[in-house]
Amino acid sequence: IKKLTALQQEANAAMAQPGDPGSPYAIGAAEGGHDSVHPELGTLDEFRAFVASCQAHGLEVALDFAVQFSLDHPWLRTHPQWFKRRPDGSMRAAEHPPQRWDDVVNPDFGSEDAAALWRALRDVVLFWLEQGVKIFRVDNPHTKPVEFWQWLIADVAKNHPDVIWLAEAFTKPAMMHNLGRIGFQQSYTYYAWRNERWELEEYLAEVCGEAGAYMRPSFWPTTHDILTPYMQLGGEAAWKLRAAIAATSVPTYGIYAGYELMESVARPGAQEQIDNEKYQYKDRRWSDYEPGGEREGQSLASWLTMLNRVRREHPSLLLLRNYVRHHVDDENLIAYAKSRTLDDGTVDTVIVVANVDPHSTRESTLRLDLAALGLEPGERFEVEDLVTGARWQWGEETYVRLGPESEPVHIVSVIR
């Protein structure tokens, strides 16, 4: 514990100490670069076995593609023309104001040999495609030329049209939208910072509306870089709620490793988890949280399993632009619905009502737009709560009570 505490205090230190894993975004070491596996993590054969095992369980492996280089990266020796240097010959650290990354250098996309650099980065992607990876989460694409990404995505798609690109670009809206227009099929969003009802309704109207034609959102309540005060202080209700809204409002959502364990302690001075994997190799000992384990019952694994089961069983949740807002009198409660006509002519409709105040149980009147649900004015209908299994009769006006005393959200299926 003392060693870990010291490591946390030295986070972002300019010099790594022996035994430190180093920055995961300063790619490269004496052992290799972007097309290598670090020996401390395993071998390439073991990576292939890992990919095959995931696929046998119906999972796909996504790889983080960070076009950033450590000073030990082999390309700095073999292709020095791809990198800018100061007049004294030293390398300039990467800067993303207000941040300065002392352990990272960026390539020079405008060098005289830029075409060869572009092809080399393309070949890195092709290498990992050969290992079975078809999803790439691109780190900070907004700090590289948009023209490069447009060329790369199109060039790879010639022979690999099923590759998915996710833009991790927490930047100005115009740039995020532009990355979607030039080829990124998925985009990180501002979801983590939209917590009040009015903020969520405004943002959902944007990403599920006109912007949804070209920018496909992926909602993440937290990441390795993001642990908002809402999540730090909201307790279990906040962690349940934010996963539920992410899983039901847009087709693609994600959780950072350890989300099940509600890791809510922030690093001093930063909105990120204090002991995330950026600073260590972490073994969470998942078996401790399973039945019979030392920490049984302290995990949200069953809640996330429920959300994924609901998504599998209700195709309406896998569409983006079918979001319809409904009204709840209490400003702390949000309501929306998603409907989809299936091939057999039946209609799958899911209504979500959530209390965005994780600290208080609230009760109010839900006012549904029955016409938007394909129902007649004044009609009563049966719903099943997919969270608890309860069944009720609902109508145009329905009483709801949600909060940490029970569950923070209703996810109900309309029984037609």
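Because the model is predicted, local features are taken only at pLDDT of at least 70 and side-chain atom pairs only at pLDDT 80 or more, whereas totals for chains, interfaces and linings use all residues. Residues are numbered from 1 along each chain as its sequence is written, and side-chain values rest on heavy atoms, with hydrogens and water left out.

Rings of Phe, Tyr and Trp (for Trp, the six-membered ring) are paired if their centres lie within 6.5 Å, and a pair is called stacked when the planes are under 30 degrees apart, edge-to-face when they are over 60, and tilted otherwise. By this rule there are 23 aromatic pairs. One of them joins Trp118 and Trp151, whose ring centres are 5.7 Å apart and whose planes meet at 45°, so this pair is tilted. The pair links distant parts of the chain, since Trp118 belongs to helix α4 (residues 114-130) and Trp151 to helix α5 (residues 146-157), 33 residues apart; helices here are DSSP runs of H or I with at least four residues, strands are runs of E with at least two, and both are numbered from the N terminus. Trp151 is partly exposed, with a relative accessible area of 27%, where buried means under 20%, exposed over 50% and partly exposed in between, for a 1.4 Å probe and protein chains only. Trp149 and Phe184 form an edge-to-face pair, with 5.9 Å from centre to centre and 65° between the planes. This pair, too, links distant parts of the chain, with Trp149 in helix α5 and Phe184 in the loop between α6 (173-181) and β6, 35 residues apart, and both Trp149 and Phe184 are buried.

Thr189 sits in the loop between β6 (186-188) and α7 (197-207) and is buried, with a relative accessible area of 3%. Its side chain reaches the backbone nitrogen of Tyr191 at 3.2 Å. Leaving aside neighbours within four places in sequence, Thr189 is in contact (heavy atoms within 4.5 Å) with Phe170, Met176, Tyr203, Pro217, Ser218 and Phe219. Glu379, in the loop between β12 (362-367) and β13 (381-385), is partly exposed, with a relative accessible area of 28%. The side chain of Glu379 reaches the backbone nitrogen of Glu376 at 2.8 Å, and, not counting residues up to four places away in sequence, Glu379 touches Leu370, Trp394, Gly395 and Glu396.

Finally, there are the spaces. On a 1 Å grid over the protein atoms alone, a cavity is a set of points where a 1.4 Å probe fits but cannot get out, whereas a pocket is an open set with protein on both sides within 12 Å along at least five of seven lines, and lining residues have an atom within 4 Å of a point. The structure holds three cavities of 30 Å³ or more, and the largest cavity contains about 70 Å³ of space. Its lining residues include Thr222, Trp239, Tyr256 and Glu263. The second largest pocket has about 340 Å³ of space and is lined by 15 residues, of which Lys84, Arg92, Ala93, Asn106 and Pro107 lie nearest its centre.

Definitions and conventions: A polar contact is a pair of N or O atoms within 3.5 Å; within protein, one must be able to donate a hydrogen and the other to accept it, and residues adjacent in sequence count only if both atoms are side-chain atoms. Grid points are joined across faces, edges and corners, and a volume is the space filled by probe spheres set on the points.
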